[in-house]
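Hi,

Here is the structure I promised to pass on.

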Amino acid sequence: MMKRRLVSVTGLVLMTLCGLAFAQQVADLVEVKDPYVRAVPPGQPNSASFMALSNTDAQGHALVAAESPVSKVVELHTHTMEDGMMRMRQVEKIELPAGEPVALQPGGLHVMLIGLQQELVPGAEIPITLVFEDGSKLSIKAPVRKLQMHMKHMDHSGHKDHMKH
Ligand SMILES: [Cu+2]
């Protein structure tokens, strides 16, 4: 009796271990292309990071948070048109449909860096950690890049801090 019980427990442990080995983390299934952080003049309190995300899995996933030591707060944002004005707002998550690249780009979805704690010098590499819905994390390095402003609404004018400028 005792022996049989021991055997079944061992079997359970093995099954659990195999399950862990085969379960893939979302972070392993998402590809990041061309990440960068927008260069801002010294004294600017905020910036943003952009990139292309590809979910290579057969099912949808989601980016739920981002982290970076470069700013006090990191949020996921999008832009929406309200009364003819482009405004930013925080989003709970960024959906990553299967096989459909999602672009984080100026005027759209972005990783918002609020309360910069260091200067963003073009060429510097900014560490950013992406957090997915299963809690798995993907760390990337995003170079600081100067952006050409083609359109007025692209420069995050929705933020009050930017108006002072
Ligand atoms: Cu924003």
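The largest nonpolar core has 30 residues, and Val30, Leu63, Ala66, Val111 and Leu130 are the ones with the most contacts inside it. Strand S9 (residues 125-132) gives this core its largest share, namely five residues. Bear in mind that this is a predicted model, so please read everything here as computed from it.

Leu130 is worth a click. If you skip its neighbours within four places in sequence, Leu130 is in contact with Leu63, Ala66, Lys137, Leu138 and Ile140. Two of the names on that list, Leu63 and Ala66, also belong to the group with the most contacts inside the core.

Now for the overall layout. The protein has 10 strands and three helices. Starting at the N terminus, you get the order α-α-β-β-β-β-β-β-β-β-β-β-α. As for burial, 25% of the 165 residues count as buried. If you take contacts between residues at least 6 apart in sequence, 69% of them join residues at least 24 apart.

S1 (residues 30-38) pairs with S2 (residues 46-55) in the antiparallel sense, over six bridges. Within that pairing, Val32 has Leu53 in S2 as its bridge partner. S1 is also joined to strand S10 (residues 137-145), this time by two bridges, and those strands run parallel. There, Val144 in S10 stands opposite Val37.

That's what I have so far.

Cheers

Definitions and conventions
Residues are numbered from 1 along each chain as its sequence is written. This is a predicted model: local features need pLDDT of at least 70, side-chain atom pairs count only at pLDDT 80 or more; totals for chains, interfaces and linings use all residues. Helices (H or I, at least four residues) and strands (E, at least two) are DSSP runs, numbered from the N terminus. A residue is buried if 20 or more other C-beta atoms lie within 10 Å of its own, exposed if 12 or fewer, and partly exposed in between; C-beta atoms are placed from the backbone. Two residues are in contact if their C-beta atoms, placed from the backbone, lie within 7 Å. A nonpolar core is a set of buried Ala, Val, Leu, Ile, Met, Phe, Trp, Tyr and Cys residues joined through C-beta atoms within 7 Å. Two strands pair if DSSP finds at least two bridges between them.
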